[in-house]
Amino acid sequence: RKPPSRFSAMLLLSAGLLGLARPAAKQRLAGLFSASEDPVLACPRDGSALFPERAIYGRTRREARVSAGGVRYPVADGEYVDLLASSGRGDGDGITPGRLAEEVREAFATRTQTQMFRTPVLGFLYERGWRQQFRAAGFPGIEKEYDEVSAFFEPVAAQGRGVVVDMSCGSGLMYRRLLAGRIGGSGRTLACDYSEVMLKETRRRALEQGLAPAALELLRCDVAQLPMRDGAVDAMHAGAALHSWPNLEKGLSEIRRVLRPDGGRFFATTFLRGAYPGTTSATPGQSGGGGGSFRFFESEEELRQLLIAAGFPPDGVSVRREGRGCAIVKAVLGGAAAGGGSTAAAAAPRAAVAGVAAAGMVAAAAAPPSTAAAARPPSASAAASPAPLSASGGAAAAE
């Protein structure tokens, strides 16, 4: 028998080396493409578990979240996960005339409350003057509000790892502060909004601020159909948002559902009637006016009763007025009192934010269509005072 040629020997050696490396390569690939179910997120359609999915086509990488039932939710432009129920695609999920007509009707009915915040001009203007208008209604300013939010969430943070959500995050005014406070922690910080524009602006500003891209979790969702598991969230913030949610009652019930039953906390700010000259309240049970105009609440008691009707315990809900028409809402599940206190009294615990952060307690997120675009604006009818539209995010005007 002839000895193998040099070329043949090289081929045999290469094949041997490849054979030895094969198991390790398989393990690396398995680690890349296999993933466990998300402990927080769930399919907005049926509540089933969601799994991350990654696909690589040449140099193109695509990501999605797939439910146990096979419904796929896209990661849009690599920036946010679109978890609207209508964005999911499964076998046989085509665009039917009936479905298209329903989406058009919903968009028209909520054109003021949610659709206007999907325009690029709002994303550009939100922190360039839009939010500053809230001061006239009594909003204390984002820094003071952040102090109060961090103090209110501190008992949750003290427990260690946790999940905090910023619902109707807008341009990320509060989300960025929550996220920066938890760097180095072990929790999750989710930013949610119905507006794609606001989610993109949140990401842009967060990266511009130097926050780590891997720490950002941005979700497009509807507060009336939250893509989260029962009792999976430790604390939720909704700044300047409740007045803009088309289905407020359902949204509050959803928040109650996803909060941890033994100590989950909810902090929100919104507008009361009289916040601006000419403002009026909306029809009870829903926003009033054509096109889904913003809802100015009659009183602190109205807000309190709305939360109690959603399932929050009466002794766990507190609502107070700041200035002419800013309502600050706090709610706690599991028997703990919601504590009132003034904004000034809460300003000191900036250090508590570090506690929230150190414990990794922060999560924020987007506001929704059928029920909430993001911290949205109230509509003022008087020409003398421009509508203080709160796009979606922290609940106070920037200082």
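Me: Which strand gives the most to the lining of the largest pocket?

Reply: On a 1 Å grid over the protein atoms alone, a pocket is an open set of points where a 1.4 Å probe fits, with protein on both sides within 12 Å along at least five of seven lines, and lining residues have an atom within 4 Å of a point. Helices (H or I, at least four residues) and strands (E, at least two) are DSSP runs, numbered from the N terminus. Here S7 gives the most, with three residues. Two or more residues come from each of strand S2 (60–67), strand S4 (80–82) and strand S7 (217–220). The model is a predicted one, in which local features need pLDDT of at least 70 and side-chain atom pairs count only at pLDDT 80 or more, while totals for chains, interfaces and linings use all residues. Residues are numbered from 1 along each chain as its sequence is written, and side-chain values use heavy atoms, with hydrogens and water left out.

Me: How many residues line the largest pocket, and which lie nearest its centre?

Reply: The lining has 19 residues, and Arg65, Val81, Ala214, Leu216 and Glu217 lie nearest the centre. By kind, the lining holds ten nonpolar, one polar and eight charged residues (nonpolar: Ala, Val, Leu, Ile, Met, Phe, Trp, Tyr, Cys and Pro; charged: Asp, Glu, Lys and Arg; polar: the others, Gly among them).

Me: Is strand S5 buried or exposed?

Reply: Buried means under 20% relative accessible area, exposed over 50%, and partly exposed in between, with a 1.4 Å probe and protein chains only. Five of the five residues of S5 (residues 163–167) are buried, so this strand is largely enclosed by the rest of the structure.

Me: Which way do the residues of S5 point?

Reply: In a regular strand the side chains alternate between the two faces of the sheet. In S5, Val163, Val165 and Met167 point one way, and Val164 and Asp166 the other.

Me: Which strands are joined to S5 by bridges?

Reply: Two strands pair if DSSP finds at least two bridges between them. S5 runs parallel to S6 (residues 188–193), with five bridges, and valine 165 has leucine 190 as its bridge partner there. S5 also runs parallel to S8 (residues 235–238), with three bridges; in S8, histidine 237 stands opposite aspartate 166.

Me: Which residues have the most contacts inside the largest nonpolar core?

Reply: A nonpolar core is a set of buried Ala, Val, Leu, Ile, Met, Phe, Trp, Tyr and Cys residues joined through side-chain atoms within 4.5 Å. The largest one has 46 residues, and Met167, Leu242, Trp245, Phe266 and Phe312 have the most contacts inside it. Helix H7 (residues 248–258) gives the most to this core, with four residues.

Me: How many salt bridges does the structure hold?

Reply: A salt bridge is a side-chain nitrogen of Lys or Arg within 4 Å of a carboxyl oxygen of Asp or Glu. The structure holds 24. In one of them, lysine 330 meets glutamate 148 at 2.9 Å, N to O. This pair links distant parts of the chain, strand S11 (residues 326–332) and helix H4 (residues 142–157), 182 residues apart. Lysine 330 and glutamate 148 are both buried.

Me: Where do glutamate 201 and arginine 204 lie?

Reply: Both lie in helix H6 (residues 196–208), three residues apart, about one turn of the helix. Glutamate 201 counts as buried at 10% relative accessibility, whereas arginine 204, at 33%, counts as partly exposed.
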